[in-house]
Each structure stands twice: as C-alpha cells, then as structure tokens.
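I opened this model to see how its parts sit against one another. My notes follow in the order I looked things up.

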Amino acid sequence: MFEHDRAISSDGYTDEEWEQNRRQFFEAAVAAFVRLKAENVFGERTKEVTCFVSISDDDRAEDVENWSAQLLNTPELASAFVDRYQQ
C-alpha cells in the first residue's frame with residue numbers, strides 16, 4: 001500500500017523518509033480511531049459503526065480504506081466494507 005510517492009518527494013525527503021512519514025501518519029490515524037472506539041465516542045452503537053481512514057486525491061484511497069477498516073472493525077463489519085464494491 002505504501003510503495004510509491006516519488007513525484008511528491010521532491011521536497012527534500014528521500015523516498016524512504018517520505019514513505020516512513022506516510023506510514024506513521026496512517027498508523028497514528030488508526031491509533032486515534034482505536035482510542036475513540038475504546039472510549040465509546042460513537043455512543044451505544046459504537047460496535048455497529050464502520051470506521052476507516054481515507055485520503056483524497058490518491059489512487060490508493062481504497063487500499064488505505066480497506067487496510068484501516070480491517071484494523072478498526074470486527075471481521076464481519078470489515079468484510080462487508082472491503083466487499084462494498086463487489087456485486
């Protein structure tokens with residue numbers, strides 16, 4: 001999922017540094033969701049809410065969404081989410 005961003009890394013970061021920063025960002029976002037869910041921030045129906053992280057303007061948005069949904073939800077919710085475009 002985190003294999004390429006070479007065109008954007010012209011800001012002085014090496015590809016490896018850019019990729020590490022990107023990975024850390026998504027890991028932090030998932031960790032924040034885990035904490036919010038543990039604190040029952042979504043109320044009584046927390047276990048019914050499908051949580052995921054997304055990114056706009058990126059060809060890998062669906063990959064990020066699926067990866068995060070699998071980490072943040074029950075297997076049943078994650079499976080339904082990952083299969084959302086299947087017919």
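Predicted model: local features only at pLDDT ≥ 70, side-chain atom pairs only at ≥ 80, totals over all residues.

**Entry 1: α1 against α2.** I began with the packing of helix α1, residues 15–38, on α2. The two pack at an angle of about 40°, and their axes are 10 Å apart. I noted the handedness next: α1 passes α2 in a right-handed crossing. Then I listed who makes the contact. From α1 come Arg22, Phe26, Glu27, Val30, Phe33, Val34 and Lys37. From α2 come Val64, Trp67, Ser68, Leu71 and Leu72. I sorted the residues of this contact by class and got eight nonpolar, one polar and three charged.

**Entry 2: the whole chain.** I stepped back for an overview. The protein chain has three helices and zero strands. Along the sequence the pattern reads α-α-α. The chain holds 87 residues, and buried residues make up 29% of them. I also looked up how far along the sequence the contacts reach. Of the contacts with a separation of 6 or more, 40% are between residues 24 or more positions apart.

**Entry 3: the faces of α3.** Which residues of α3 are buried? I found Leu77, Ala78 and Phe81 buried in this helix, which covers residues 75–82. Looking down the axis of α3, I see its buried residues within an arc of 95°, so they line one face of the helix. I turned to the other side of α3 and found Pro75, Glu76 and Ala80 exposed there. What do the buried residues of α3 pack against? Their partner is α2, residues 61–72.

**Entry 4: α2 against α3.** I looked up the geometry of this pair. α2 and α3 pack at an angle of about 165°, and their axes are 8 Å apart. The cut-off for roughly antiparallel is over 145 degrees. α2 and α3 are therefore roughly antiparallel to each other. Their crossing is right-handed. On the α2 side, the contact is made by Glu65, Asn66, Ala69 and Gln70. On the α3 side, Ala78, Phe81 and Val82 make it. By class, I count four nonpolar, two polar and one charged residues in the contact of α2 with α3.

**Entry 5: Val82.** I picked one residue of that contact to follow up. Val82 lies in helix α3. Which residues does Val82 touch, not counting those up to four places away in sequence? I found Asn66 and Gln70. I then checked the spacing of Val82 and Asn66. They are 16 residues apart in sequence, and their C-alpha atoms are 5.5 Å apart in space.

**Entry 6: Asp83.** I moved on to Asp83, which is in the segment after α3. Is Asp83 buried or partly exposed? Asp83 counts as partly exposed, at 40% relative accessibility. Asp83 is 17 residues from Asn66 in sequence. From C-alpha to C-alpha, Asp83 and Asn66 are 9.1 Å apart.

Entry 7: I looked up two residues here. Asn40 lies in the loop between α1 and α2. Its phi is near 60°, a positive value in a residue other than glycine. Asn40 is partly exposed, with a relative accessible area of 41%.

Where does Asp57 lie? I found Asp57 in the loop between α1 and α2. The phi of Asp57 is near 55°, again a positive value in a residue other than glycine. How exposed is Asp57? Its relative accessible area is 82%, and the cut-off for exposed is over 50%. I therefore wrote down Asp57 as exposed.

How values were computed: Residues numbered from 1 in each chain as written. Heavy atoms only, no water. Buried < 20%, exposed > 50% of the residue type's maximum accessible area, 1.4 Å probe, protein only. Helix = DSSP H or I, 4+ residues; strand = E, 2+ residues; numbered from the N terminus. Arc of directions from axis to C-beta. Contact = heavy atoms within 4.5 Å. Axes fitted to C-alpha atoms, helices over the stretch in contact; angles between N-to-C directions. Parallel < 35°, antiparallel > 145°, perpendicular 65-115°, else oblique. Left-handed = near helix turned anticlockwise from the far one by under 90°. Nonpolar A, V, L, I, M, F, W, Y, C, P; charged D, E, K, R; others polar.
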